[in-house]
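Me: I have a protein model open and would like to go through it piece by piece. Can you help me read it?

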Amino acid sequence: MDAGKSTAKSAAAKSTDSAKQTTASATTDSNDQAAASTQAKAKPATDEQAEQIKKLKAQAEATEDKYLRAEAEIQNMNARFKKEREQLLKYEGQDLAKSILPVMDNLERALAVEASDQNGKQLKKGVEMVYDHLERALKDHQIIEITAMNQTFDPTIHQAVQTVAVEGDQKPETVVKVLQKGYKLKDRVLRPAMVVVAQ
């Protein structure tokens, strides 16, 4: 009787162990399948993320390139505007100076006329004072007369309106007469000197 119970218990224990092993095996297989499934799902997701990262990097590089180009263009524009502003300031008053030059010419013509009586001399003295003040004002603004007489003809600052034959010790291509004075504002020619050149 005791032997029968012991055999039954042993059989039951074996049956329980077998069931546990089967369950454990099934659980392991199930876990392996789940892990494999997760890996299978994770792999495409990783490829997709890598592709997305690649696109984002390309967009970031393109944006950075546009930014650098825009920044360089802005710097170029600022440099160009600064240069133009400096040019405007440097040659400020150029138009006014050009308008005044004919007045200087007329005053010089008036001073070239001989005054015979006292009234004429006084008038000429007044014209001379006006001329001197105007000439000083032009010099104060760096508007100066172009040197021409007895100088070698320079087409950048002289305008030849007539040529004459070389006489005596004159050198060819030399200015022998100034018909109208020329003026410069700093390094810019406002009006070339109208001259006669010996050739």
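Me: To start, how much accessible surface does the protein chain have, and what share of it belongs to carbon and sulfur atoms?

Reply: This is a predicted model, so the values are computed from it. The accessible surface of the protein chain comes to about 15300 Å². Carbon and sulfur atoms account for 54% of that surface.

Me: And what percentage of the residues is buried?

Reply: Of the 199 residues in the protein chain, 16% are buried.

Me: How many helices and strands are there?

Reply: The protein chain has three helices and six strands. Along the sequence they follow the pattern α-α-α-β-β-β-β-β-β.

Me: What about contacts between residues at least 6 apart in sequence: what share joins residues at least 24 apart?

Reply: The share is 63%.

Me: On to the strands. What is the order of the sheet with mixed pairing?

Reply: That open sheet has three strands in the order β2-β6-β3. Its edge strands are β2 (158-164) and β3, each pairing on one side only. Neighbouring strands there are turned by 35° against each other on average, direction ignored.

Me: How many bridges join β2 to β6, and do they run parallel or antiparallel?

Reply: Six bridges join them, and the two strands run parallel. Strand β6 covers residues 193-198. One of the pairings is Val164 with its bridge partner Ala198 in β6.

Me: What holds strands of a sheet together in general?

Reply: Strands of a sheet pair through backbone hydrogen bonds, and the pairing is either parallel or antiparallel.

Me: Back to this model. Where does Thr174 sit?

Reply: Thr174 is in strand β3, which covers residues 174-180. Thr174 counts as buried because its relative accessible area is 11%, and the cut-off for buried is under 20%.

Me: Which residues does Thr174 touch, leaving out those up to four places away in sequence?

Reply: Thr174 touches Asn150, Gln151, Phe153, Val196, Val197 and Ala198. There is also a backbone atom to look at: the oxygen of Lys171 lies 2.7 Å from a polar atom of the Thr174 side chain.

Me: Now the sheet with antiparallel pairing. What is its strand order?

Reply: The order is β1-β4-β5, in an open sheet of three strands. The edge strands are β1 (143-145) and β5, and each pairs on one side only. On average, neighbouring strands of this sheet are turned by 35° against each other, direction ignored.

Me: How many bridges join β1 to β4?

Reply: Three bridges join β1 to β4, and these strands run antiparallel. In this arrangement Glu145 stands opposite Tyr183 in β4. Helix α2 packs on the sheet and touches β1, β4 and β5. The direction of α2 makes about 50° with that of β5.

Me: Is Gln94 buried or exposed?

Reply: Gln94 counts as buried, because its relative accessibility is 15%.

Me: Changing topic: how many salt bridges are there in the whole structure?

Reply: A search of the whole structure finds four salt bridges.

Me: Which residue does Arg191 pair with?

Reply: The side chains of Arg191 and Asp105 meet in a salt bridge, at 2.8 Å from N to O. This pair links distant parts of the chain, with Arg191 in strand β5 (residues 188-191) and Asp105 in helix α2 (residues 94-112), 86 residues apart. Arg191 and Asp105 are both buried.

Me: And what does Lys181 pair with?

Reply: Lys181 forms a salt bridge with Glu108, at 3.0 Å from N to O. Lys181 is in the loop between β3 and β4 (183-185), and Glu108 is in helix α2, 73 residues away. Salt bridges that share partners join Glu108, Glu145 and Lys181 into one network.

Me: What about Arg69 and Asp65, how far apart are their closest N and O atoms?

Reply: Those atoms are 3.0 Å apart in the salt bridge between Arg69 and Asp65. The two residues are separated by about one helical turn, because they are four residues apart in helix α1 (residues 2-90). Arg69 counts as exposed at 57% relative accessibility, whereas Asp65 counts as partly exposed at 36%.

Key:
Residues numbered from 1 in each chain as written. Predicted model: local features only at pLDDT ≥ 70, side-chain atom pairs only at ≥ 80, totals over all residues. Heavy atoms only, no water. Buried < 20%, exposed > 50% of the residue type's maximum accessible area, 1.4 Å probe, protein only. Polar contact = N/O pair within 3.5 Å; in protein donor to acceptor, adjacent residues only side chain to side chain. Contact = heavy atoms within 4.5 Å. Pairing = 2+ DSSP bridges. Axes fitted to C-alpha atoms, helices over the stretch in contact; angles between N-to-C directions. Areas by Shrake-Rupley, 256 points an atom, 1.4 Å probe, with all protein chains shown as cover.
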